[in-house]
Amino acid sequence: MDKVVRMSSDKGVVIFSKSSCCLSYAVQVLFQDLGVHPTVHEIDKDPECREIEKALMRLGCSTPVPAIFVGGELIGSTNEVMSLHLSGSLVPLVKPFQANLC
């Protein structure tokens, strides 16, 4: 679990993903469209994949992937991110992590 906490707090927006997960890809595209370049950890390419999945579930993820962290805090999965976006709460949340657009 320490590895997941460390990985999720290293960068502003962190997505735990699997390379074959279409929902993970959709969340990544959403953040990129908002001007945020998330750090993506594809756990299926990590030898500790099962341990990472278990740690994400213990942290409160309803599904292991995608698991989205903003500023080191667990936001949740696709449903929570989309709910925040539709309510207008996601953009202010990620504003500190947006790339400077010229």
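Good morning. I begin with aspartate 46, which counts as buried because its relative accessibility is 18%, under the 20% that sets the limit for that word. The structure shown here is a predicted model, and the values I quote are computed from it.

Aspartate 46 sits in the loop that joins strand E2 (39-42) to helix H3 (49-59). Its side chain comes to 2.7 Å from the backbone nitrogen of glutamate 48. If we set aside neighbours within four places in sequence, aspartate 46 has contacts with Lys3 and Ile52.

Lys3, Asp46 and Glu48 are joined in a network of salt bridges.

How many salt bridges does the structure hold? There are five. One of them pairs lysine 45 with glutamate 42, whose closest N and O atoms are 3.0 Å apart. Lysine 45 counts as exposed, with 61% relative accessibility, while glutamate 42 is partly exposed at 28%.

Let us now turn to helix H3. Its buried residues include Cys49, Ile52, Glu53, Ala55 and Leu56. These residues lie on the same side of H3, because they cover an arc of only 165° around the axis. Exposed on the other side are Arg50, Lys54 and Arg58. A salt bridge joins glutamate 53 to arginine 50, with 3.0 Å between the closest N and O atoms. Both residues belong to H3 and are three residues apart, about one turn of the helix. Glutamate 53 is buried at 9% relative accessibility, whereas arginine 50 is exposed at 55%.

Against what do the buried residues of H3 pack? They pack against H1, strand E1 (13-17) and strand E3 (67-70). Leucine 56, in helix H3, is buried with a relative accessible area of 0%. Not counting residues up to four places away in sequence, leucine 56 touches Val4, Phe16, Cys61, Pro64, Ala67 and Phe69. Leucine 56 and serine 8 are 48 residues apart in sequence, yet their C-alpha atoms are 10 Å apart in space.

After H3 comes glycine 60, which has a positive phi, near 120°. Cysteine 61 is in the loop between H3 and E3 and is buried, at 7% relative accessibility. Beyond its neighbours within four places in sequence, cysteine 61 makes contact with Leu56, Ala67 and Leu74.

Finally, I come to the start of the chain. In helix H1, Val4, Met7 and Ser8 are buried. They lie on the same side of H1, because their arc around the axis is only 95°. The buried residues of H1 pack against E1, E2, H3 and E3. Methionine 1 precedes helix H1 (2-9) and is partly exposed, at 45% relative accessibility. Together with Val5 and Leu59, Met1 forms a nonpolar surface patch of about 230 Å² of accessible area.

Thank you for your attention.

Notes. Residues numbered from 1 in each chain as written. Predicted model: local features only at pLDDT ≥ 70, side-chain atom pairs only at ≥ 80, totals over all residues. Heavy atoms only, no water. Patch = residues over 30% accessible without salt bridge, like charges linked within 9 Å, V, L, I, M, F, W, Y side chains within 5 Å. Areas by Shrake-Rupley, 256 points an atom, 1.4 Å probe, with all protein chains shown as cover. Salt bridge = Lys/Arg side-chain N within 4 Å of Asp/Glu carboxyl O. Helix = DSSP H or I, 4+ residues; strand = E, 2+ residues; numbered from the N terminus. Buried < 20%, exposed > 50% of the residue type's maximum accessible area, 1.4 Å probe, protein only. Polar contact = N/O pair within 3.5 Å; in protein donor to acceptor, adjacent residues only side chain to side chain. Contact = heavy atoms within 4.5 Å. Arc of directions from axis to C-beta.
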